[in-house]
Amino acid sequence: MDQAEQLRNLIKAQGTANRRPLARVITVTSGKGGVGKSNVSINLAVQLRKMGQRVVILDADFGLANIEIMFGTVPKHNLSDLIYQHKNIREIITWGPENVGFISGGSGISGMYNLDRGYLEYIIMNLAELDALADTIIIDTGAGISMSVMDFLVASGEILLVTTPEPTSITDSYSLLKALNQNERFSREYTKVKVISNRVSSTEEGQQLYNKLSAVVSRYLKLPLQYL
Ligand SMILES: Nc1ncnc2c1ncn2[C@@H]1O[C@H](COP(=O)(O)OP(=O)(O)OP(=O)(O)O)[C@@H](O)[C@H]1O
Ligand SMILES: [Mg+2]
């Protein structure tokens, strides 16, 4: 059983035990870098907080943590404490503006750039422990189709794919979806892919950008997308 399946089983087990539903896991990703993932993650978190939800952001851009810089908060702990110091995942949460919780991916810690599979599995398994603390967990990934990004994507119920009108952003979004679709652990039933058009100048331009991407995706990948 791989970790995505383990996480799904955990979710199922918790559901049937009739406890609080497990936190909603939303992973924010993109093919191309610098398109607005971290800003989307933070703004979404703040809005959900204003609606009364408890939110924790996992900064999964390991070793290049950005969330803490945007929040202007210095975290006491980061993911390396979970992995190397055996801290509990709840102990490494920092509370930022609006009481949004976040888990730092660690900044400039060389051991965090290239985490091996076992550590990734360990992080993903531990996310289920946040259930009691968060209604929504937002995972802000690094750009691209690295193993760690794919692992988070296949373990999430919802993917927010951030795309801009730049041609390279559109083609990289397509490449990411193609890689996801080819991943043997990806389940269309479990993981819904939603698209955000960022840096567009009008509602129409946003819709056109989505239409462009979704036309190619439905033709070649037959993957259903949803426009946000
Ligand atoms: N809608 C927008 N309007 C204006 N500026 C934006 C918008 N979205 C993002 N930006 C700017 O684009 C830059 C990149 O944003 P951000 O750091 O959120 O992207 P990212 O996808 O997380 O980048 P990375 O791939 O490096 O993690 C920032 O300077 C941000 O302020
Ligand atoms: Mg970022």
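Modeller: Here is a walk through the ligand site, followed by a few other places.

A word on ground rules: this is a predicted model, where local features need pLDDT of at least 70, side-chain atom pairs count only at pLDDT 80 or more, and totals for chains, interfaces and linings use all residues. Residues are numbered from 1 along each chain as its sequence is written, chains are lettered from A and ligands numbered from 1 in the order in which they are written, and side-chain values use heavy atoms, with hydrogens and water left out.

Now for ligand 1. Its shell is made of Gly33, Gly34, Val35, Gly36, Lys37, Ser38, Asn39, Asp61, Met70, Asn198 and Arg199 (a residue is near a molecule if one of its heavy atoms lies within 4 Å of it). Helix H2, residues 37-50, gives the largest share of that shell, with 3 residues (helices are DSSP runs of H or I with at least four residues, strands are E runs with at least two, and both are numbered from the N terminus).

A polar backbone atom of Gly36 is 2.9 Å from an oxygen atom of ligand 1, and a polar backbone atom of Val35 is 3.1 Å from an oxygen atom of the ligand. From Asn198, a polar side-chain atom lies 2.8 Å from a nitrogen atom of ligand 1. On its own, ligand 1 has 630 Å² of accessible area, and the protein covers 60% of that (areas come from the Shrake-Rupley method with a 1.4 Å probe; for residues, only the protein chains shown count as cover).

Next stop, Thr141, which sits in strand S5, residues 136-141. Thr141 counts as buried because its relative accessible area is 2% (buried means under 20%, exposed over 50%, partly exposed in between, with a 1.4 Å probe and protein chains only). Its side chain makes a polar contact of 3.0 Å with the side chain of Thr29 (a pair of N or O atoms within 3.5 Å; within protein, one must be able to donate a hydrogen and the other to accept it, and residues adjacent in sequence count only if both atoms are side-chain atoms). A polar atom of the Thr141 side chain also lies 3.1 Å from the backbone oxygen of Val28.

Most residues other than glycine have a negative phi. Glu98, though, has a positive phi near 60 degrees. You'll find Glu98 in the loop between strand S3 (94-95) and strand S4 (101-103), and it is partly exposed, with 45% relative accessibility. Lys222 is not a glycine either, yet its phi is positive, at about 50 degrees. Lys222 lies in the loop between helix H9 (203-221) and strand S8 (225-227), and with a relative accessible area of 58% it is exposed.
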